[in-house]
Amino acid sequence: MPDTDFQQLLDAVARNTGAVLSLPSAGMLRHQKARFLAVADDGFWMECSPDDRALIDELIKEKKPAGISFKTAEVKSVFTSVLLERKDDYPVNAETTVCAVRVQLPTSIKQMQRRTNYRVRVPVEAEIRLEVWRIAPRIPVRDKPAASARIETKLLDISTGGVGVLFVGVNGVSPKVCCEDRLRVAITTGEVELILEGTMRQPLPGSEPMKIRTGIAFKGLDNSLDGRHAMAKLTKIVGELQRQEARRARLGVA
């Protein structure tokens with residue numbers, strides 16, 4: 001499991017984040033609200049419903065994995081793992097105990113982006129252009145960057161919060177970009193040009209070294225007058241693409 005995924009799980013346990021525990025039973029899943037309690041030597045403790053004690057004990061005995069999911073601000077994480085032990089009187093504090101189960105650390109975690117803004121697909125024929133560069137910290141985002149900092153990018157979809165992109169390698173060299181980089185994003189459509197700052201999201205599963213499928217989250221759109229003007233222009237661009245998408249749907253155009 002990648003270190004970032006592992007740390008995100010440990011952080012969620014430390015914060016006693018709410019979760020969903022999904023127990024397999026008779027070919028179906030029984031979902032129950034739960035929460036993380038504490039880190040254990042080989043896993044972690046989480047609260048569970050005392051109504052499912054018999055099923056939990058059966059899963060522990062047969063070493064059958066259960067499903068667990070939890071959410072952060074931008075990501076939903078899902079994984080399966082083996083239940084190791086159940087306690088009816090796990091101490092939450094000096095006065096309170098709960099029914100809890102000890103869970104083994106998972107070998108992998110699947111993460112899915114939680115979108116707060118509607119994203120509209122950008123068709124190939126759309127008159128919209130996207131360019132992306134890596135820029136150094138504290139460099140004004142409107143300063144023209146060096147050509148060598150440009151990242152070959154294909155625009156896939158757009159929202160008022162960010163864009164979905166495909167970073168493409170050039171001449172056999174994979175894209176030089178990571179989630180820690182500060183990005184300069186230029187969006188041009190017609191006579192309108194937007195210069196925005198952004199950060200790369202985690203690459204999506206299935207990405208390749210020469211083709212990185214990911215997203216860019218825009219920054220600072222609500223913190224200044226310029227940011228609010230940029231948001232207004234983005235809203236207009238996204239709205240027009242939505243209308244075009246709706247027209248294509250009515251005409252039955254893919």
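The questions and answers below concern side chains in a predicted model.

Visitor: How many salt bridges does the count come to?

Guide: Side chains of opposite charge can pair when their charged atoms come close. By the rule applied here, the count of salt bridges comes to 16.

Visitor: Which parts does the pair of Arg53 and Asp88 tie together?

Guide: The side chains of Arg53 and Asp88 meet in a salt bridge, with 3.7 Å from N to O. Because these residues lie 35 apart in sequence, the pair ties together two separate parts, namely helix H2, which holds Arg53, and, for Asp88, strand S5 (residues 75-91).

Visitor: Which residues do salt bridges that share partners join into one network?

Guide: Arg86 and Asp57 form a salt bridge at 2.7 Å, N to O. Since Arg86 lies in strand S5 and Asp57 in helix H2, this pair ties together parts that are 29 residues apart in sequence. Through shared partners, salt bridges join into one network the residues Arg53, Asp57, Arg86 and Asp88.

Visitor: Is Ser159 buried or exposed?

Guide: Ser159 is found in the loop between strand S11 (153-158) and strand S12 (162-168), and a polar atom of the Ser159 side chain lies 3.0 Å from the backbone nitrogen of Gly161. Buried means under 20% relative accessible area, and because the value for Ser159 is 2%, this residue counts as buried.

Key:
Residues numbered from 1 in each chain as written. Predicted model: local features only at pLDDT ≥ 70, side-chain atom pairs only at ≥ 80, totals over all residues. Heavy atoms only, no water. Helix = DSSP H or I, 4+ residues; strand = E, 2+ residues; numbered from the N terminus. Buried < 20%, exposed > 50% of the residue type's maximum accessible area, 1.4 Å probe, protein only. Polar contact = N/O pair within 3.5 Å; in protein donor to acceptor, adjacent residues only side chain to side chain. Salt bridge = Lys/Arg side-chain N within 4 Å of Asp/Glu carboxyl O.
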